[in-house]
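Here are a few exercises to work through with the coordinates open beside you.

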Amino acid sequence: MSLWEYANPKKFSETAARVLPVVAPLAGLCLAVGLIWGFFFTPEDYKQGATVKIIFLHVPAAMMAINAWIMMLVASLVWIVRRHHVSALAARAAAPVGMVFTLIALATGAFWGQPMWGTWWEWDPRLTSFLILLLFYLGYIALWQAVEDPDTAADLTGVLCVVGSVFAVLSRYAVKFWNQGLHQDSTIMKVGEKDPLDPAYYWPLIVCLIGIVALFVALVLLRTVTEIRLRRLAVIEAREKQE
Amino acid sequence: MIALLIRDLRLALRAGGGFGLGLAFFLLLAVLIPLGVGPEGGTLAKIAPGILWVGALLACLLSLDRIFALDFEDGSLDLLATAPIPLEGAVAVKALAHWLVTGLPLTLAAPLLGVLLHLPGQGYGWLLASLALGTPALSSIGAFGAALVVGVKRGGLLLSLLVLPLYVPTLIFGAEVVKRGAAGMDVGVPLALLAAITLGAMAALPFASALALRINLR
């Protein structure tokens with residue numbers, strides 16, 4: 001039993017069919033519980049009022065926007081090194097999901113920033129980095145769509161993902177260098193340190209984080225299985241044309 | 001390799017090779033910006049470093065698809081791929097040729113346009129230095145983007161979508177050098193980081209570009 005067994009599209013689809021009915025309801029349940037708990041049953045912040053509750057959507061989306069890119073990088077590397085088609089398709093399937101998470105993070109950030117910082121947009125390092133990440137997602141998806149041959153497209157996007165990751169990290173530090181920030185640091189890992197996140201916010205946030213990870217897994221599995229089926233369909237059509 | 005360099009330079013300098021278009025674009029940009037922003041010297045002096053760098057970057061972008069597209073169409077790229085010199089070397093030479101016909105003239109023309117934009121006196125030396133150091137990175141990264149889209153019909157727009165995000169660090173450090181230089185501040189840190197990006201891009205990216213070319217030539 002090795003991990004690489006799941007590189008077999010059939011095995012992958014079967015496993016996905018078994019995992020999906022667990023992960024998808026888990027995502028729905030966690031997000032519903034976490035968001036309702038967060039939005040209606042947590043106290044308001046003494047300074048930020050009710051706007052603080054945007055973090056229950058903002059933080060998980062922002063976290064997954066980055067993690068989705070990392071997952072695409074790993075999948076691309078697996079494709080380049082071991083030539084498993086499922087891996088390339090998974091990277092392709094994850095890109096639009098990651099892009100939407102990036103958009104959600106940017107939009108919720110803007111909604112929060114307007115009353116709090118008095119501006120919809122500020123050229124803050126974190127905000128700017130996310131905007132650049134969005135551009136990377138756009139370019140990656142555009143390249144997938146522009147190249148017709150699926151294997152060539154998988155190879156080229158894989159190379160782009162690897163090189164793009166290096167430049168995305170470079171951009172992150174370059175942008176930090178370029179402008180000092182307005183955005184607060186992450187508080188979620190500060191348990192036990194000074195100035196931690198209030199427990200009243202901590203637990204609903206954790207539930208939301210679990211929910212959004214489950215949502216990402218469910219969406220990527222579903223989209224990957226769809227891609228596998230589309231590939232099969234294309235092969236069948238091509239065969240019928242020949243006959 | 002030297003023969004390849006000379007061939008590429010000749011092709012670029014010949015009529016229709018696109019040499020000078022980038023320069024003309026750069027000039028136009030430096031003329032249009034004051035028309036849009038207004039003629040106040042103070043404002044122009046403030047934005048001049050950024051404008052000059054963005055202008056150089058866009059002018060560089062214009063001619064990127066020429067690096068491989070024509071050779072791909074007439075088949076000489078296939079010959080290069082099977083030639084005794086490694087494809088990585090050929091890519092590096094082609095990026096160098098691109099720099100010689102776009103980056104270098106842009107660098108030399110930039111101080112002139114700096115005058116148009118009221119760039120403060122201390123900034124000129126750093127403008128030259130930062131462009132001379134930074135534009136090779138633009139050509140190198142651009143060659144990678146061009147290698148990715150060489151098989152795509154009319155990939156020009158896609159090319160800019162892919163390449164511009166990759167230009168972000170170079171632009172930030174390059175413009176920062178000029179900005180600090182013009183304000184009379186210490187430029188050591190951004191200049192060193194800019195040099196690091198250029199050297200890194202020149203050393204590592206030809207391998208990625210050659211890989212992308214081989215995929216496209218399959």
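**Exercise 1.** How far apart are the axes of helix α2 (residues 21–37) of chain B and helix α3 (residues 41–62) of chain B, and at what angle do they cross?

Before the solution, two notes on conventions. This is a predicted model, in which local features need pLDDT of at least 70 and side-chain atom pairs count only at pLDDT 80 or more, while totals for chains, interfaces and linings use all residues. Residues are numbered from 1 along each chain as its sequence is written, and chains are lettered from A and ligands numbered from 1 in the order in which they are written.

*Solution.* 
- Step 1: The two axes come within 9 Å and cross at roughly 150 degrees. Axes here are lines fitted to C-alpha atoms, for helices over the stretch in contact, and angles run from 0 to 180 degrees between N-to-C directions. Helices (H or I, at least four residues) and strands (E, at least two) are DSSP runs, numbered from the N terminus.
- Step 2: The crossing of α2(B) with α3(B) is right-handed. A crossing has that hand if the near helix is turned clockwise from the far one by less than a right angle, and is left-handed if anticlockwise.
- Step 3: Among the residues that make the contact are Phe25(B), Phe26(B) and Leu29(B) of α2(B), with Ile51(B), Gly55(B) and Leu58(B) of α3(B). Contact requires C-beta atoms, placed from the backbone, within 7 Å.
- Step 4: Sorted by class, this contact has 15 nonpolar, three polar and no charged residues. Nonpolar means Ala, Val, Leu, Ile, Met, Phe, Trp, Tyr, Cys and Pro, charged means Asp, Glu, Lys and Arg, and the others, Gly among them, are polar.

**Exercise 2.** Describe how α3(B) packs on helix α9 (residues 168–182) of chain B.

*Solution.* 
- Step 1: The angle is about 145 degrees and the axes are 8 Å apart.
- Step 2: α3(B) passes α9(B) in a right-handed crossing.
- Step 3: Trp53(B) and Leu57(B) are among the α3(B) residues here, and Val178(B) and Lys179(B) are among those of α9(B).
- Step 4: The classes are nine nonpolar, two polar and one charged.

**Exercise 3.** Where is the kink in helix α10 of chain B?

*Solution.* 
- Step 1: The kink, about 40 degrees, lies at Leu205(B), shortly before the proline Pro206(B). The bend is the angle between axes fitted to the seven residues ending there and the seven starting there.
- Step 2: Check the length of α10(B), residues 188–217. Its 30 residues should span 44 Å at 1.5 Å a residue, and the end C-alpha atoms are 43 Å apart, which agrees. The expected span is 1.5 Å times one less than the number of residues.

**Exercise 4.** Which helices of chain A each supply at least two residues to the side that touches chain B?

*Solution.* 
- Step 1: In total, 21 residues of chain A are in contact with 21 residues of chain B.
- Step 2: The helices are α4 (125–146) and α5 (150–178) of chain A.
- Step 3: α5(A) gives the largest share, 12 residues.
- Step 4: That side of chain A divides into 17 nonpolar, three polar and one charged.

Note on methods: Two residues are in contact if their C-beta atoms, placed from the backbone, lie within 7 Å.
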